[in-house]
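Subject: Handover of a structure and the findings from it

Dear colleague,

Please find below the structure that I am handing over to you. The findings follow directly after it.

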Amino acid sequence: MEKDTKVKNIGILAHVDAGKTTLTEQLLYEAGIVKKPGSVDKGTASTDSLEVEKQRGISVKTSEVNLMWKDVNINLIDTPGHVDFSGEVQRALRVLDGAVLLVSAAEGVEPQTEVYFNALKAMKLPTIILINKIDRIGADGKRVLGEVHNSLTPAAIPLQVCDLNDPENPQIELIFHEKYKDSTYIENLIESLAEKDDEVLCKYLDGEGLSYEFIKDKLSYLIAKGEIYPVIYGATLKGIGVTELL
């Protein structure tokens, strides 16, 4: 039977305390499923139902919630981040259509981040890398992006500009904006696509202008194949970047 493309199983993975459950709550809120995002610290998160999860503020089991977004039925799989419960994550990977891998903008790439990314890469699962907690003291998006390139993959491509000049009010903006048309952001993206796709390479070497639509189509194709990993930014506790992620 052909798989229904309108139903997607999306896993949320990260090292412990990177903000997975908080992100899940914000996604549910943005989609209108809950009136108010639950809190991990207060034990009111929708996916933390066990008493130990409420008391300790961590996830120890895989939980599933459902939401609709733009006519797509999304099953969100919120997974544990602690190494003791990594078996739960490994089982969840088998049913995923794609994943969101969170990395803290303060702590950076941590041991379980690498373990989970390597598993996603081996399965060629389409994965968005979300550099989270950009509102935290010590947050450094540029440094953490470098860690992602060095420890995870050089095929991680930022699709947003992240301005942390005002830590209380971090700003993010998609690079597909007229003011970034001739920027290094777009140049780096095109070069990364050219390394993976012969058509992009030929057009690039011939000096042909590449439209945003052409770039986006190629980007989607290579993301779906698990060859390019888009990087975006957020501060999920404040709901920053959640709509863009959806």
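Please note that the model is a predicted one.

The loop between β2 and β3 holds D71. The phi of D71 is near 65 degrees, a positive value in a residue other than glycine. Is D71 buried or exposed? With a relative accessible area of 62%, D71 is exposed, because the cut-off for that class is over 50%.

**The chain as a whole**

The protein chain contains 9 helices and 9 strands. It has 246 residues, of which 49% count as buried. Among the contacts in the chain with a separation of 6 or more, 67% are made by residues 24 or more positions apart.

**The sheet**

Seen as a whole, the open sheet has 7 strands in the order β2-β3-β1-β4-β5-β9-β6, and its pairing is mixed. Which strands stand at the edges? These are β2 and β6 (156-158); each has a single partner strand, so one side of each is left without a neighbour in the sheet. On average, neighbouring strands of this sheet are turned by 30 degrees against each other, direction ignored.

Helix α5 (residues 141-152) packs on the sheet, where it touches β4, β5, β6 and β9 (229-233). The direction of α5 makes about 145 degrees with that of β5.

T127 in β5 is the bridge partner of A99. Of the 6 residues of β5, 5 are buried, so this strand is largely enclosed by the rest of the structure.

**Helix α1**

Helix α1 (residues 20-30) is mostly covered, with 9 of its 11 residues buried. The buried residues are K20, T21, T22, L23, T24, E25, Q26, L27 and L28. What do they pack against? Their partners are the strands β1 (7-14), β2 (63-69), β3 (72-78), β4 (98-104) and β5 (127-132), together with helix α9 (242-245). Just after α1, G32 takes a positive phi of about 80 degrees.

T113 lies in helix α4 (residues 111-122). The relative accessible area of T113 is 1%, and T113 is therefore buried, the cut-off being under 20%. Leaving aside residues up to four places away in sequence, T113 touches H15, L101, L102, V103 and L152.

K124 is found in the loop between α4 and β5. As with D71, a positive phi occurs here in a residue other than glycine: the value for K124 is near 55 degrees.

**Helix α6 and its two partners**

Two packed helices are described by the angle between their axes and the distance between the axes. Two such pairs involving α6 are set out here.

The axes of helix α6 (residues 184-196) and helix α7 (residues 198-205) come within 6 Å and cross at roughly 125 degrees. At this angle, α6 is oblique to α7. The crossing of α6 and α7 is left-handed. On the α6 side the contact is formed by E187, I190, E191, L193, A194 and K196, which meet D198, V200, L201 and Y204 in α7. By class, this contact has 6 nonpolar and 4 charged residues, with no polar ones.

Helix α6 also packs with helix α8 (residues 212-224), at an angle of about 50 degrees and with the axes 11 Å apart. This makes α6 oblique to α8. The crossing of α6 and α8 is left-handed. Here I186, L189, I190, L193 and K196 in α6 meet Y212, I215, K218, L219 and L222 in α8. The contact of α6 with α8 has 8 nonpolar, no polar and 2 charged residues.

Which residues of α6 take part in the two contacts? I190, L193 and K196 are among those that meet α7, and they are also among those that meet α8.

With kind regards

Terms used
Residues are numbered from 1 along each chain as its sequence is written. This is a predicted model: local features need pLDDT of at least 70, side-chain atom pairs count only at pLDDT 80 or more; totals for chains, interfaces and linings use all residues. Side-chain values use heavy atoms; hydrogens and water are left out. Helices (H or I, at least four residues) and strands (E, at least two) are DSSP runs, numbered from the N terminus. Buried means under 20% relative accessible area, exposed over 50%, partly exposed in between (1.4 Å probe, protein chains only). Contact means heavy atoms within 4.5 Å. Axes are lines fitted to C-alpha atoms, for helices over the stretch in contact, and angles run from 0 to 180 degrees between N-to-C directions. Angles under 35 degrees count as roughly parallel, over 145 as roughly antiparallel, 65 to 115 as roughly perpendicular and the rest as oblique. A crossing is left-handed if the near helix is turned anticlockwise from the far one by less than a right angle, and right-handed if clockwise. Ala, Val, Leu, Ile, Met, Phe, Trp, Tyr, Cys and Pro count as nonpolar, Asp, Glu, Lys and Arg as charged, and the others, Gly among them, as polar. Two strands pair if DSSP finds at least two bridges between them.
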